[in-house]
Amino acid sequence: MNPGTVGQDPFDTGVAHSARVYDYILGGRTNYAADREAGDAMCREWAALPVHMRANRRFMERASHYLAAEAGIRQFLDIGSGLPTSPNLHQVVQEVAADSRIVYIDNDPIVLAHARNLLTSTSQGRTAYVDADMHNPNRILTTAQFQGLLDLQEPVGLLIIGILHFILDTDDAHGLVQHLLDPLPTGSYLAMTIGTADFAPQEVARVAAEYKRQGMPMQLRTYDEALTFFDGLKLVEPGLTQVHRWRPNPGQEAVEDRAIAMYGAVARKTS
């Protein structure tokens with residue numbers, strides 16, 4: 001998802017874009033020379049960056065499976081969906097319940113083109129893509145796709161994965177998350193990952209500096225700062241933890257804590 005910063009034009013393939021850098025580092029093919037150069041520069045600063053990004057993606061899969069299989073959620077709002085990378089959210093949840101409905105949000109037109117071609121729902125369920133930015137939650141909440149696909153009389157799973165570190169406190173990060181949560185009914189869930197430098201401060205600081213140099217400033221948060229985003233919600237066990245430690249699958253590859261710069265949690269809206 002585009003951080004929305006001045007000078008980062010999602011139409012300009014000569015400028016690195018966060019969604020395409022992420023795609024490149026994950027081994028995808030929907031990226032351009034500028035994205036590859038930026039990704040390579042970031043990996044030179046921290047060789048564990050691909051491990052970290054894969055762990056963030058795996059968290060999305062486990063969290064969304066939990067929401068569908070254990071929490072019984074059947075409709076989802078995915079903020080900053082990024083380029084399609086199998087398995088995508090709808091594939092995970094529709095494998096549990098084929099009638100699940102998913103609204104994807106991103107603001108990169110290249111993501112939009114690929115999403116429309118690749119994010120194909122089951123016949124029982126539905127998917128939709130909204131070209132919008134988390135910095136403008138009103139735009140998201142008033143679209144025909146959001147209002148037409150999601151029934152706000154029933155719980156919704158809100159996913160904000162791998163994007164919050166691009167939302168600065170000066171942008172009112174807490175307020176933006178709350179704005180998206182407010183219309184969702186009791187029993188809805190928030191699944192979110194939050195970038196941190198708590199475990200490899202020097203290396204992660206260098207990566208953040210490279211992102212900023214590429215026109216994508218980010219804000220890394222401590223454990224206590226990350227925890228405040230879940231105020232008023234009931235955390236699902238094991239609470240807020242590094243993403244690779246949140247309900248790992250049996251046989252999951254061992255990863256050192258220093259290789260992960262992301263906290264993750266799932267929490268339930270109780271009122």
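R247 sits in the loop between strand 7 and strand 8. Helices here are DSSP runs of H or I with at least four residues, strands are DSSP runs of E with at least two, and both are numbered from the N terminus. The model is predicted: local features need pLDDT of at least 70, side-chain atom pairs count only at pLDDT 80 or more, and totals for chains, interfaces and linings use all residues. Residues are numbered from 1 along each chain as its sequence is written, and side-chain values use heavy atoms, with hydrogens and water left out.

**Backbone sites**

The phi angle of R247 is near 45°, a positive value in a residue other than glycine. R247 counts as partly exposed, at 31% relative accessibility. The cut-offs are these: buried means under 20% relative accessible area, exposed means over 50%, and partly exposed lies in between (1.4 Å probe, protein chains only).

D172 also has a positive phi, near 65°, and is a residue other than glycine. D172 is in the loop between strand 4 and helix 8. Its relative accessibility is 46%, so D172 counts as partly exposed.

Which bond joins E237 and P238? A cis peptide bond does, with omega about 10°. P238 belongs to the loop between strand 6 (233-235) and strand 7.

A16 lies in the segment before helix 1 (18-25). A16 is buried, with a relative accessible area of 2%. The C-alpha atoms of A16 and N31 are 8.9 Å apart, while the two residues are separated by 15 residues along the chain.

**Salt bridges**

Side chains of opposite charge can pair when their charged atoms come close. A salt bridge here is a side-chain nitrogen of Lys or Arg within 4 Å of a carboxyl oxygen of Asp or Glu. The whole structure holds 8 salt bridges.

| Pair | N to O distance | Accessibility of each residue |
|---|---|---|
| E61 and R58 | 2.6 Å | E61 15%, R58 33% |
| D169 and R221 | 3.0 Å | D169 42%, R221 2% |
| R245 and D257 | 2.9 Å | R245 45%, D257 27% |

E61 and R58 both lie in helix 3, 3 residues apart, about one turn of the helix. E61 counts as buried, whereas R58 counts as partly exposed.

The salt bridge between D169 and R221 links distant parts of the chain, 52 residues apart. D169 is in the loop between strand 4 (157-160) and helix 8 (173-181). R221 is in the loop between helix 9 (201-213) and helix 10 (223-227). D169 is partly exposed, but R221 is buried.

**Helix 3 against helix 4**

Helix 3 (residues 49-69) packs with helix 4 (residues 89-96) at an angle of about 30°, and their axes are 9 Å apart. Axes are lines fitted to C-alpha atoms, for helices over the stretch in contact, and angles run from 0 to 180 degrees between N-to-C directions. How are helix 3 and helix 4 oriented to each other, roughly parallel or roughly antiparallel? Helix 3 and helix 4 are roughly parallel. Angles under 35 degrees count as roughly parallel, over 145 as roughly antiparallel, 65 to 115 as roughly perpendicular and the rest as oblique.

The crossing of helix 3 past helix 4 is right-handed. A crossing is right-handed if the near helix is turned clockwise from the far one by less than a right angle, and left-handed if anticlockwise. Helix 3 makes the contact through M60, E61, S64, H65, A68 and A69, and helix 4 through L89, V92, V93 and V96. Contact means heavy atoms within 4.5 Å. These contact residues divide into 7 nonpolar, 2 polar and 1 charged. Ala, Val, Leu, Ile, Met, Phe, Trp, Tyr, Cys and Pro count as nonpolar, Asp, Glu, Lys and Arg as charged, and the others, Gly among them, as polar.

**Helix 2 against helix 9**

Helix 2 (residues 33-45) packs with helix 9 at an angle of about 160°, with axes 8 Å apart. Helix 2 and helix 9 are therefore roughly antiparallel. Helix 2 passes helix 9 in a right-handed crossing. Helix 2 brings A41, M42 and E45 to meet E203, R206, V207, E210 and Y211 in helix 9. The residues of this contact divide into 4 nonpolar, no polar and 4 charged.
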